Amino acid sequence: MPRLVKQIKDLAPGQPEKPRTLTPEAAAEWDRISKELAKSNIRLTTAHRSILELAANIATDMRECRATVKKEGAYVQSKTGLVAHPAVRRLDALARDYVKVAAMLGLRCAVPGAAPSKEKSIEDLLDE
């Protein structure tokens, strides 16, 4: 069963203001993440501004790392042989950070489906 997000009564729902310091790419990520959270019925407060900003910046950095890996390859030659590209290692660290930030925004797990019933429903009994 999913862990429910603890409700803090003192925090009023409200859309955080987008920081002006975001790059155009990070601003686009801010919008994308905000829309996905709203579609998922995750209510933010103005206090979530820094967390949402962090998520947008991490997502932008991850996109840049993926582009670098696509262009330069996942491995590079070093004195000791073939090693992972620095962008691959950074992408791994960014992904771990993104998971932490997503949890702070209320994304803890997938939404569970209805549990299969072991008992017969009234419709099943009437059909017999």
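This is a predicted model: local features need pLDDT of at least 70, side-chain atom pairs count only at pLDDT 80 or more; totals for chains, interfaces and linings use all residues.
**Entry 1: the core**

I began with the largest nonpolar core, which has 20 residues, and looked up the members that touch the most others, namely L37, L52, V101 and L105.

**Entry 2: helix α1**

Next I followed α1, which has 16 residues and spans 23 Å from its first C-alpha to its last, close to the 22 Å expected at 1.5 Å a residue. Which residues of α1 are buried? I noted A26, A27, E29, W30, I33, S34 and L37. Looking down the axis of α1, I found that its buried residues fall within an arc of 155 degrees, so they line one face of the helix. On the other side of α1, I recorded P24, K35 and K39 as exposed. As for what covers the buried residues of α1, I noted that the cover includes α2 and α3. I also looked at what comes after the helix, and there N41 has a positive phi, near 60 degrees.

**Entry 3: salt bridges**

I counted six salt bridges and went through three of them in detail. In the first, R32 pairs with E29, with the closest N and O atoms 2.6 Å apart, and both residues lie in α1, three residues apart, about one turn of the helix. The accessibilities of the two partners fall in separate classes, since R32 at 31% counts as partly exposed, whereas E29 at 5% is buried.

In the second, D61 pairs with R90 at 3.3 Å between the closest N and O atoms, and this pair links distant parts of the chain, with D61 in α2 and R90 in α3, 29 residues apart. I recorded a relative accessibility of 21% for D61, which counts as partly exposed, and 39% for R90, also partly exposed.

In the third, R96 pairs with D92, the closest N and O atoms being 2.6 Å apart; the two are four residues apart in α3, and therefore separated by about one helical turn. Here R96 is partly exposed at 47%, as is D92 at 44%.

Finally, I returned to E29 and R32 and found that they are linked with E36 and R63 in a network of salt bridges.

Conventions
Residues are numbered from 1 along each chain as its sequence is written. Side-chain values use heavy atoms; hydrogens and water are left out. A nonpolar core is a set of buried Ala, Val, Leu, Ile, Met, Phe, Trp, Tyr and Cys residues joined through side-chain atoms within 4.5 Å. Buried means under 20% relative accessible area, exposed over 50%, partly exposed in between (1.4 Å probe, protein chains only). The expected span of a helix is 1.5 Å times one less than its number of residues. The arc is that of the directions from the helix axis to the C-beta atoms. Contact means heavy atoms within 4.5 Å. A salt bridge is a side-chain nitrogen of Lys or Arg within 4 Å of a carboxyl oxygen of Asp or Glu.
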